[in-house]
Amino acid sequence: MVALVSQENVVTLVSRTGRELQRYRKGRRQVVGCIPYRYKIGEKNSLDVSDELEVLVISSQKGKGMLFPKGGWELDESQKEAALRETIEEAGVRGIVEGKLGKWSFKSKTYDTLYDGYMFPLLVQEQLEFWPEQNLRQRTWMSIKEARDVCQHWWMKEALDRLVNRLMGQKLGRENHILRSLNCIGDAKSDLLIV
């Protein structure tokens, strides 16, 4: 029996290498990355969204620290495509790449050059058993606080804070919408009872 697999479900087990296709703007290398996140099972009742979330961090290839997956944005892909590719290559997860968290300028720790970094949230839908850099990196699910403590880059910590604030805002918006809906229903019933 042969199983047919669509092209979108096939993951190349080789990371892109080289800098021939790398994007540069005003001399700065353009890099993109994701903060992979998921909701803890059965924990959607907290007032603080950071209690409900886990984020995936990976070990650095060059140091002892932890970080979120990121890498070069190449000429043949959009920012979101590059962010997803880097996340699959380095962390072995894929899912929904959401709206950009922001842009940060920073100096490389390895090279004496400036970079522009763009970060996106990625709501994880699938964790792969095999991925291109599985022999080079460790991946670990952590709480927001733990990830903030171990992340080695200030700009990634800032992106994490923005993600938490965004998700908190969305949660409060949903709760306010539900409360307004309940008030409308209650008001309508009250009017009917008075008449």
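Me: In what sense do β7 and β8 pair, and over how many bridges?

Reply: β7 and β8 pair in the antiparallel sense over 6 bridges. Two strands (E runs in DSSP of at least two residues, numbered from the N terminus) pair if DSSP finds at least two bridges between them, so 6 bridges qualify. In one of these links, Lys107 has Leu114 of β8 as its bridge partner. A hairpin of 6 residues joins β7 to β8.

Me: What kind of model is this, and what does it leave out?

Reply: The model is predicted: local features need pLDDT of at least 70 and side-chain atom pairs count only at pLDDT 80 or more, while totals for chains, interfaces and linings use all residues. Residues are numbered from 1 along each chain as its sequence is written, and side-chain values use heavy atoms, with hydrogens and water left out.

Me: Why is α1 said to be largely enclosed by the rest of the structure?

Reply: Because 10 of the 13 residues of α1 are buried. Among them are Ala82, Ala83, Ile88 and Ala91. The cover over the buried residues includes β2, β3, β5, β6, β8 and β9. A helix here is a DSSP run of H or I with at least four residues, so the 13 residues of α1 (79-91) pass that cut-off. From first C-alpha to last, α1 reaches 17 Å, close to the 18 Å expected at 1.5 Å a residue. The expected span is 1.5 Å times one less than the number of residues. After α1 comes Gly92, with a positive phi near 70°.

Me: Why is the link between Asp116 and Arg28 called a salt bridge?

Reply: A salt bridge is a side-chain nitrogen of Lys or Arg within 4 Å of a carboxyl oxygen of Asp or Glu. The closest N and O atoms of Asp116 and Arg28 are 3.3 Å apart, so the pair qualifies. Asp116 lies in β8 and Arg28 in β2, so the pair ties together parts 88 residues apart in sequence.

Me: What makes Asp116 and Arg28 count as buried, exposed or partly exposed?

Reply: Asp116 has a relative accessible area of 3%, so it is buried. Arg28 has 25%, so it is partly exposed.

Me: Where else are there salt bridges, and how many does the structure hold?

Reply: The structure holds 13 salt bridges. One of them joins Arg38 and Glu54, with the closest N and O atoms 2.8 Å apart. Arg38 is in β2 and Glu54 in β3, 16 residues apart.

Technical notes: Buried means under 20% relative accessible area, exposed over 50%, partly exposed in between (1.4 Å probe, protein chains only). Contact means heavy atoms within 4.5 Å.
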